[in-house]
Amino acid sequence: MAATLRIQSDWSRALSRDEGEAWLSCRSPGKPTLYGSVTRRGLSSDGVPDIVASEGFVVGEVTKKSILISCPHENACTKFLAPYTSFCRIHQKSITCLDISSGGGLGVSTSTDGTMKIWQAANGEIRRLLEGHVYDVNCCRFFPSGLVVLSGGMDAQLKIWSAEDASCVVTFKGHKGGILDTAIVDRGRNVLSCSRDGTVRLWDCGKSACLGVIADCGSPVNGIAVGTADNSLNLGSPEKPPSEREVGTEGKILLLAREDKKLQGVGLQSRQPVFLFVGSDAFNCCTFLSSTYILAGTQDGNIYQLDVRNTNAPVQVIHRSGAPVLSLLPYRDGFIASQGDGTCFIVQQDLDYVLDLTEADCDPVYKVASWEKEIYTCCRDGIVRRYQLSDL
């Protein structure tokens, strides 16, 4: 992934007519950027656009929604996928977070327009308006049931909502700064939150109570993720017996993406540190690929893959641009990443190319969610884009 291929963001529209043209570039670190174009010459006999590339680029498979382009000189190959549909009317301003329910039927999103909404995932039709936070809502996610939503805001409050009637059933208070991310433990009797105040807290949903501060970092914690630890990992022992209200914390490791350039692993039940990795810049997000491998993205564009059993050196560092890595999501046998320059891409082990989700242009793609073969992104331009991998 040393070389990065880019195509004009609205390439599918640019190539929708005869003699249509879209611009290409291929950038390799330390080398001059190569520029070119793709041009549509008409339609093939089966109704698929006939597209050719300028010198230095090669067009492979073409469908109505995707195009495979390679740059042999730089050994780069990318398949570009246009959105299946876009939802422009859910919010009036930037959409900062979104999630899709476990059944794929509903979406939830937050925006700088001050609203949080639940909508039909198929068509973007608004179903519910969730009102109750003061100031911006930073994060939202569905519980595994798909019937309940967890949110965190700049008002330092964590809230649980009914997706069916939009009522706020629980409000947690205890953080001293805005909540930046959340995580759900197992089926959701316990949840986690991290904050600008530098702490990560564990909450009991049934009693609306804080079960404890899992970590106090002295620096904002931008993202968290919880996963089952590899059996060989020593998670430490609790200093005192855990509360009977703690459910599903045993054998779990919590990842902390910290503003002070540190990625930390903590035993969820023990509250004991497991590892501390220092990166190149502030960590914005983190996720589990498996019980062994984790990913974390930084403000300067690095995606670190680490083995939790030995975090002294990364397994690999992926760097496509210097734009902040804003979200990471495990997907099949790989992952999806979005960045502050509008790029959103999928890396899979069984593909010899990168899959690029296009049309965000230069607007940051803040969050990615998936359900089966559908992927949803939210962006600073206020649009939710829905991609179908069955279009490939």
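**Briefing: the protein chain and Asp230**

The protein chain has 35 strands and one helix. Its radius of gyration is 22 Å, close to the 21 Å that the globule rule gives for 392 residues, so the chain is as compact as a globular protein of that length. The model is predicted. The points below cover the chain as a whole and then the residue Asp230.

**Overall dimensions and surface**

- Taken along the principal axes, the box filled by the C-alpha atoms of the protein chain is roughly 70 × 50 × 30 Å.
- The protein chain exposes about 16,500 Å², and 45% of this area is supplied by carbon and sulfur atoms.

**Burial and contacts in the chain**

- Of the 392 residues in the protein chain, 57% are buried.
- Among contacts between residues at least 6 apart in sequence, 44% join residues at least 24 apart.

**Asp230: position and charge**

- Asp230 is found in the loop between β21 (221-228) and β22 (252-258).
- Asp230 is buried and has no salt bridge.
- The nearest side chain of opposite charge belongs to Arg309, 4.6 Å away.

**Asp230: neighbours**

- The side chain of Asp230 forms a polar contact of 2.4 Å with the side chain of Ser232.
- A polar contact of 3.4 Å links the side chain of Asp230 to that of Thr292.
- Leaving aside residues up to four places away in sequence, Asp230 touches Ser291, Thr292 and Arg309.

Notes: Residues numbered from 1 in each chain as written. Predicted model: local features only at pLDDT ≥ 70, side-chain atom pairs only at ≥ 80, totals over all residues. Heavy atoms only, no water. Helix = DSSP H or I, 4+ residues; strand = E, 2+ residues; numbered from the N terminus. Buried < 20%, exposed > 50% of the residue type's maximum accessible area, 1.4 Å probe, protein only. Lys, Arg positive; Asp, Glu negative; His and termini not counted. Salt bridge = Lys/Arg side-chain N within 4 Å of Asp/Glu carboxyl O. Polar contact = N/O pair within 3.5 Å; in protein donor to acceptor, adjacent residues only side chain to side chain. Contact = heavy atoms within 4.5 Å. Rg over C-alpha atoms; globule rule 2.2 N^0.38 Å. Areas by Shrake-Rupley, 256 points an atom, 1.4 Å probe, with all protein chains shown as cover.
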